[in-house]
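Try each task before reading its solution.

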Amino acid sequence: MKTKFLLLLLLTILLQVNTSSFAREMKSARQIELRTKTPAQHRSITPAAFIEDALVTIDLLSTVPTATVVVKDAEGKVVYSSTEWNVDKINIDLTSEQKGKYTLEIQLPTEVFSGEFELEN
């Protein structure tokens, strides 16, 4: 009886710890709405992009052979540019950038997506 009670208590504590830490992680993340800039030849999946503080996270939802990411400020000046190979997730640290509006562009082999976001640091 004691063993079952301890096991149930331990399981309850673990579930509460995991639930609260997960909620804290996603609390300040905001989704960046992406739109396709190229006509799709077939039905495709739009990547997911999020901004949390000054960290942009892009989830491509599957591994792609190449992905070029460009971030521009409100004046159109490129503040970040990178090409990644065989990637499914990209993290961009923009802590050195000023607060304001930015444009994110993701160039995949067959499609280009863009979205706007705001840095609030």
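The exercises below cover confidence, the nonpolar core, backbone angles and a salt bridge.

This is a predicted model, in which local features need pLDDT of at least 70, side-chain atom pairs count only at pLDDT 80 or more, and totals for chains, interfaces and linings use all residues. Residues are numbered from 1 along each chain as its sequence is written, and side-chain values use heavy atoms, with hydrogens and water left out.

**Exercise 1. Find the average pLDDT and examine residues 19–24.**

Step 1: pLDDT is the predictor's confidence in each residue, from 0 to 100. The protein averages 83, and 73% of the residues score at least 70.
Step 2: Where pLDDT is low, the predicted coordinates should not be read in detail.

**Exercise 2. Describe the largest nonpolar core and the contacts of I58.**

Step 1: A nonpolar core is a set of buried Ala, Val, Leu, Ile, Met, Phe, Trp, Tyr and Cys residues joined through side-chain atoms within 4.5 Å. Buried means under 20% relative accessible area, exposed over 50%, and partly exposed in between (1.4 Å probe, protein chains only).
Step 2: The largest such core has 23 residues, and those with the most contacts inside it are V56, I58, L60, I92, L104 and F117.
Step 3: Two or more residues each come from β3, β4, β5, β6 and β7, with β4 giving the most, 7 residues. Strands are DSSP runs (E, at least two residues), numbered from the N terminus.
Step 4: Leaving aside neighbours within four places in sequence, the contacts of I58 include V69, I90, I92, L104 and I106.

**Exercise 3. Locate D53 and N86, and decide whether each is buried or exposed.**

Step 1: Most residues other than glycine have a negative phi.
Step 2: D53 has a positive phi, near 55 degrees; D53 is found in the loop between β3 and β4 and is exposed, at 57% relative accessible area.
Step 3: N86 has a positive phi of about 45 degrees; N86 is in strand β5 and is exposed, at 60%.

**Exercise 4. Identify the partners of the 1 salt bridge.**

Step 1: The criterion is a side-chain nitrogen of Lys or Arg within 4 Å of a carboxyl oxygen of Asp or Glu.
Step 2: R30 pairs with E120, their closest N and O atoms being 3.8 Å apart.
Step 3: R30 is in strand β1 and E120 in the segment after β7, 90 residues apart.
Step 4: R30 is partly exposed, at 30%, whereas E120 is exposed, at 55%.

How values were computed. Helix = DSSP H or I, 4+ residues; strand = E, 2+ residues; numbered from the N terminus. Contact = heavy atoms within 4.5 Å.
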